[in-house]
Amino acid sequence: MEQHDEMLWAIAKKRAGFRKQLISYILVSSFMWGIWFMSGNRINLPSSFPSLPWPAWVMFWWGIGLAFSFANAYLLNTRGAVEQEYQKLKNQQ
């Protein structure tokens, strides 16, 4: 029974960590967009780059990392999957 509590504790830690990352993402992104709007500077990149504001690039790459963190916290339950596979193999014997 204690192992299940440890597993739930680990999942809870992952989910709490994801929420912290999400709040940081929102706050920092808002701050960056505020700087971009207030500065009035529009950096002209070479024509080979899409003309997106620089905060969009930061949000995109950080968002990919945030998506992996979400998947790890809410979609992937590797410990539970290992336990289920073990039980399946044990029942086959």
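Biologist: Phe 31: buried or exposed?
Modeller: Phe 31 is exposed, with a relative accessible area of 56%. Exposed here means over 50%, so Phe 31 falls in that class. Keep in mind that this is a predicted model.

Biologist: Where is the place of Phe 31?
Modeller: Phe 31 sits in helix H1.

Biologist: Which residues make the nonpolar surface patch?
Modeller: The patch is made by Val 28, Phe 31, Ile 35, Trp 54, Val 58 and Trp 62. Its area is about 500 Å².

Biologist: Which helices each supply at least two residues of that patch?
Modeller: Helix H1, which covers 2-39, and helix H2, which covers 54-75, each supply at least two.

Biologist: Stepping back, how many helices and strands are in the protein chain?
Modeller: There are 3 helices and 0 strands. Followed along the sequence, the pattern is α-α-α.

Biologist: And how many of the residues in the protein chain are buried, as a percentage?
Modeller: Buried residues are 14% of the 93 residues. The accessible surface of the chain is about 7,700 Å², and 65% of that surface belongs to carbon and sulfur atoms.

Biologist: What share of the contacts with a separation of 6 or more is between residues 24 or more positions apart?
Modeller: In the protein chain, that share is 73%.

Biologist: Back to H2. How many residues does it have, and how far does it reach?
Modeller: H2 has 22 residues. From its first C-alpha to its last it reaches 31 Å, close to the 32 Å expected at 1.5 Å a residue.

Biologist: Which residues in H2 are buried?
Modeller: Pro 55, Leu 66, Ser 69, Ala 71 and Ala 73 are buried in H2.

Biologist: Why does Ser 69 count as buried?
Modeller: Its relative accessibility is 15%. Buried means under 20%, so Ser 69 qualifies.

Biologist: What does Ser 69 touch, not counting residues up to four places away in sequence?
Modeller: Ser 69 touches Phe 18 and Gln 21.

Biologist: Phe 18 again: which cluster do ring pairs link it into?
Modeller: Ring pairs link Phe 18 with Phe 70 and Tyr 74 in a cluster.

Biologist: How far apart are the C-alpha atoms of Phe 70 and Gly 17?
Modeller: They are separated by 9.6 Å, although the two residues are 53 residues apart along the chain. Gly 17 lies in helix H1. With 25% relative accessibility, Gly 17 counts as partly exposed.

Biologist: How many aromatic pairs does a search of the whole structure find?
Modeller: The search finds 8 aromatic pairs. One of them is formed by Trp 36 and Phe 37, and that pair is edge-to-face. The distance is 4.9 Å centre to centre, with 70 degrees between the planes.

Biologist: Trp 36 first: buried or exposed?
Modeller: Trp 36 is buried, at a relative accessible area of 13%.

Biologist: And Phe 37, buried or exposed?
Modeller: Phe 37 is exposed, at a relative accessible area of 53%. The cut-off for exposed is over 50%, so Phe 37 passes.

Biologist: New topic. Where is the place of Met 59?
Modeller: Met 59 is in helix H2. Met 59 is partly exposed, with a relative accessible area of 23%.

Biologist: What is Met 59 in contact with, leaving aside neighbours within four places in sequence?
Modeller: Met 59 is in contact with Tyr 25, Ser 29 and Trp 33.

Biologist: Where does Ser 29 lie, then?
Modeller: Ser 29 lies in helix H1. Ser 29 is buried, with a relative accessible area of 5%. Setting aside residues up to four places away in sequence, Ser 29 touches Ser 24 and Met 59.

Biologist: How far is the C-alpha of Ile 26 from that of Met 59?
Modeller: The two C-alpha atoms are separated by 9.3 Å, and the residues are 33 residues apart along the chain. Ile 26 is in helix H1. Its relative accessibility is 45%, which counts as partly exposed.

Key
Residues numbered from 1 in each chain as written. Predicted model: local features only at pLDDT ≥ 70, side-chain atom pairs only at ≥ 80, totals over all residues. Heavy atoms only, no water. Patch = residues over 30% accessible without salt bridge, like charges linked within 9 Å, V, L, I, M, F, W, Y side chains within 5 Å. Areas by Shrake-Rupley, 256 points an atom, 1.4 Å probe, with all protein chains shown as cover. Salt bridge = Lys/Arg side-chain N within 4 Å of Asp/Glu carboxyl O. Helix = DSSP H or I, 4+ residues; strand = E, 2+ residues; numbered from the N terminus. Buried < 20%, exposed > 50% of the residue type's maximum accessible area, 1.4 Å probe, protein only. Expected span 1.5 Å × (residues − 1). Contact = heavy atoms within 4.5 Å. Phe/Tyr/Trp six-rings, centres within 6.5 Å; stacked < 30°, edge-to-face > 60°.
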